[in-house]
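I opened this notebook to record what I looked up in one protein structure.

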Amino acid sequence: MAGNLELLSGVIARAKAENRAALVGYLPAGFPTVDDGVRAVTAMIEGGCDIVEVGLPHSDPVLDGPVIQTADDIALRGGVRIADVIDTVRRAHEATGAPVLCMTYWNPVDRYGTERFAADLAAAGGAGCILPDLPVEESEVWRKAAEQHGLATVFVVAPSSRDDRLAKITAAGSGFVYAASLMGVTGTRESVGREAEDLVSRTRAVTELPVCVGLGVSNARQAAEVARFADGVIVGSAFAKRLLDAPDLESGLAAVRTLAGELAEGVRKRA
C-alpha cells in the first residue's frame, strides 16, 4: 500500500489556492494515553488543522522544549511503543481523511528497520516522516524506502543553514520543508522573529517545495504573522500545553479544538 504523499501535497496546494497558509498541528503519540492521544490528534483536525504530525516520543529529544519533553515523558512512562505510534497515525487518518505525518528522531527508525518502518507507516495511511536529526548525507537508505512507499521525507532547516546547505537539504526532501523559526528548541514564544521570514525567503530561492514554519507559534496573531510569508504554520507545544493544563481530558480536548479553530482563523488572516 502506498502512503499519502500526494494527499499531503494536495492539501498544501489547496490552502495556497485559497490564498492562505496550511495549518499543521503536532502532538506526540501516547499522550496522555494511546487512545486519548488519538482523540487529541483527531480534535486538532476537527478544530481546523489541515495536517497533523504525530510525534514518536523519545527519551533524549534534541529539538523539543520542556512542554513537549513533559508530554513525551508521560507517553514513555505509559509504555508507548512504535506500534502505538503507527496505530495512532492509522486511526487519526481513518477518522479524518487528513494527511498524517510521523515526526521522529532517526535512532528508533533505524532500530525498527528502515524498510519495515516505511512499509508499516505507508500501510497505516501515513503521509511521510519529519526527521530532524537525520543528516541528508546519511539519508539515502531512508529516502529510497520512503519513495518506494509513497512517503514524504521532510527535512528541517534552520536560520544557521547557509544557502548552499539549504540547496542540498531541499534537493533531497519531498512534501515540504520544515523551517525552524529560530535557533533553539520547541516552545511558545512572544514573537516568532525576523529570522523566520529571512529563512523562508532563502529556502524558496533554492527549492519549489512548500516551506512550513515551526517553533514558537502559539496563538492566532502569531499564526497570521507567519502565514504572511510561509506556506504552512506548524504548532505543537501550544496544543500539548492545553492538554497538560486542563483539569480533565474532556476539557483538554475542548481546549485543543478551540485553539485549532483560533489558529485556523489566524492563517486565513495573513497579518
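**Entry 1: the largest pocket**

I classed the lining of the largest pocket and found 7 nonpolar, 3 polar and 2 charged residues. Here Ala, Val, Leu, Ile, Met, Phe, Trp, Tyr, Cys and Pro count as nonpolar, Asp, Glu, Lys and Arg as charged, and the others, Gly among them, as polar. I note that the model is predicted: local features need pLDDT of at least 70 and side-chain atom pairs pLDDT 80 or more, while totals for chains, interfaces and linings use all residues. Numbering runs from 1 along each chain as its sequence is written, and side-chain values use heavy atoms, with hydrogens and water left out.

The lining consists of L56, P57, H58, S59, L76, V80, R81, I82, V85, N107, P108 and R111. I took a pocket as an open set of points on a 1 Å grid over the protein atoms alone, where a 1.4 Å probe fits, with protein on both sides within 12 Å along at least five of seven lines; lining residues have an atom within 4 Å of a point. The space in this pocket is about 230 Å³, a volume being the space filled by probe spheres set on the points, which are joined across faces, edges and corners.

I then asked which helices contribute: α4 (82–96) and α5 (106–112) each supply at least two lining residues. The largest share, 3 residues, comes from α5.

**Entry 2: the whole chain**

I counted 12 helices and 9 strands, as DSSP runs numbered from the N terminus (helices H or I, at least four residues; strands E, at least two). The C-alpha trace spans about 45 × 40 × 35 Å along its principal axes. Buried residues (under 20% relative accessible area, 1.4 Å probe, protein chains only; exposed is over 50%, partly exposed in between) make up 58% of the 271 residues. Among contacts (heavy atoms within 4.5 Å) between residues at least 6 apart in sequence, 75% join residues at least 24 apart.

**Entry 3: single residues**

I looked up H149 in the loop between α7 (140–148) and β5 (152–154). H149 counts as buried because its relative accessibility is 12%. Its C-alpha lies 35 Å from that of G252, at a sequence separation of 103 residues.

N19 lies in the loop between α1 (5–17) and β1. Its phi is near 60 degrees, a positive value in a residue other than glycine. N19 is exposed, at a relative accessible area of 55%.

Lastly, I recorded a cis peptide bond between F31 and P32, with omega about 0 degrees. P32 sits in the loop between β1 (22–28) and α2 (34–47).
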